[in-house]
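Let's take a walk through a protein model, one piece at a time. Keep the picture open while you read.

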Amino acid sequence: MITVIEVGTVKANRGERVTGYLEVGKVANGCTFAIPVIIVHGKNEGPTLWLNGAVHGDEINGVVAIRKMAFSVDPDKLNGTLICTPVCNPPAFQGRHKLSGFDFLDMDQQFPGNPEGLLTERIAHILFEQIKDEADYLINFHTIGRLFLGRPYTVFKLVGGAKPELLEEIERTAKSFGTYLNCRVDLRTAAGELPGRVEGALDVNCVKNGIVAFMAEVGSGGRLEEENIDIACVGIENVMKHMKMIPGEPKVSEEQITLTWRKFIRCSEAGLVFMKVKPYEFAAKGTLLAEIVDLFGNVVEEIRAPRDCYVICKRFDPVAHTGDRIAFIGSC
């Protein structure tokens, strides 16, 4: 039985909740960048769940949900350990931006990190070394971008070389979070995956190291959305129930949809966007998703569903230039 859990300056004995920091770097004036850490070390033995937030600095809902849950769990009644890093990318969080203003790298494309790299790569390395040592399960909290409006959903990835039983447990755990929409991304075929360095994602590297991990997308970036934060808190409770860390059964949607194909829909014209659909809504092929209207009031483009699909998120900011993303859709 592990009696002491240690991450950075935080040392937690069984039955304790302790806070502190994991130092990850400095700036030229000598000030330190550090990741806040909360450990709730249960009185009873059990698995370790790691909750990670703000890998992108403007994704706030997960930060608040993690903080709420970290201080609502009773360590005397907890089986196992809850480790929380609500803000894992301090430079980006301080700048209120998705990326760090020091090196402009996307942290969720830098794992497992580089101890001799740029600042973001070094932070990713320091954090991931701790996660590898301690985590059995991990939820990486995200939101969609500031320009969009969405409702919570999960993303779990089928990573090449991972054991089938691990991938099965990842899917069970992601669905136990309880959201209506869930995205299964098969990296073995790259079917439905978005462009980018997906092999550098935190959840992918966790899976490569035998850790059950998935992404929870919990609303929109750059703002606090109480409804989505509450859904995220229930999701964390659900996963803890699934892991037998706390008593009870997960409370999930009566019907859950698993999407296996995803795509951003872009506009060819420019102007103001008038959306005709909402997140979670089903749209049959040919359904009008949005109209692009120029500044003289003319409809210059109608954007329609290319196939039967569900709306994952929609444009929130109405100003659109040629090639801008209008909606994110997926299908089973």
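Two strands count as paired if DSSP finds at least two bridges between them. With that in hand, note that this is a predicted model, and look at strand β14 (residues 271-275): four bridges join β14 to β16, and the two run antiparallel.

**Around β16**

Strand β16 has a neighbour in β17 (residues 299-304) too, with five bridges joining these antiparallel strands. Here I292 stands opposite E301 of β17. The hairpin of β16 and β17 has five residues between the strands, and G297 takes a positive phi near 90 degrees in that hairpin. Is strand β16 (residues 288-293) largely enclosed or left open? Five of its six residues are buried, so β16 is largely enclosed by the rest of the structure.

**The open sheet**

Now move to a sheet of nine strands. It is open, its pairing is mixed, and its order reads β3-β4-β6-β5-β7-β11-β9-β10-β12. Which strands stand at the edges? They are β3 (16-26) and β12 (257-259); each has a single partner strand, so one side of each is left without a neighbour in the sheet. From one strand to the next, the twist averages 25 degrees.

Inside this sheet, have a look at β5 (residues 44-52) and β6 (residues 79-85), which run parallel and are joined by six bridges. L49 has L82 of β6 as its bridge partner. There's a helix to spot as well: α3 lies across β3, β4 (32-41), β5, β6 and β7 (137-144), and runs at about 150 degrees to β3.

Two packed helices are described by the angle between their axes and the distance between the axes.

| Helix pair | Angle | Axis distance |
|---|---|---|
| α4 (residues 164-176) and α6 (residues 226-242) | about 135 degrees | 8 Å |
| α1 (residues 61-70) and α6 | about 50 degrees | 9 Å |

Take α4 and α6 to begin with. Their angle of about 135 degrees makes α4 oblique to α6. On the α4 side, the contact is made by E169, R172, T173 and S176, and on the α6 side by N238, V239 and H242. Sorted by class, the residues of this α4 and α6 contact are one nonpolar, four polar and two charged.

Next come α1 and α6, which are also oblique to each other. Their crossing is right-handed. From α1, the contact uses N61, V64, A65, K68 and M69, while α6 brings in E226, N228, I229, D230, A232, C233, I236 and E237. By class, the contact of α1 with α6 counts seven nonpolar, two polar and four charged residues.

A few loop residues deserve a look. The peptide bond from F111 to P112 is cis, with omega near 10 degrees, and P112 sits in the loop between α2 (90-94) and α3 (119-134).

R96 is in the loop between α2 and α3 too. Its phi is near 55 degrees, a positive value in a residue other than glycine. Y280, found in the loop between β14 and β15 (282-283), has a positive phi near 80 degrees, and Y280 isn't a glycine either.

Which of these is buried or exposed? R96 has a relative accessible area of 63%, so R96 is exposed. Y280 has a relative accessible area of 15%, so Y280 is buried.

Key. Residues numbered from 1 in each chain as written. Predicted model: local features only at pLDDT ≥ 70, side-chain atom pairs only at ≥ 80, totals over all residues. Heavy atoms only, no water. Axes fitted to C-alpha atoms, helices over the stretch in contact; angles between N-to-C directions. Parallel < 35°, antiparallel > 145°, perpendicular 65-115°, else oblique. Contact = heavy atoms within 4.5 Å. Nonpolar A, V, L, I, M, F, W, Y, C, P; charged D, E, K, R; others polar. Left-handed = near helix turned anticlockwise from the far one by under 90°. Buried < 20%, exposed > 50% of the residue type's maximum accessible area, 1.4 Å probe, protein only.
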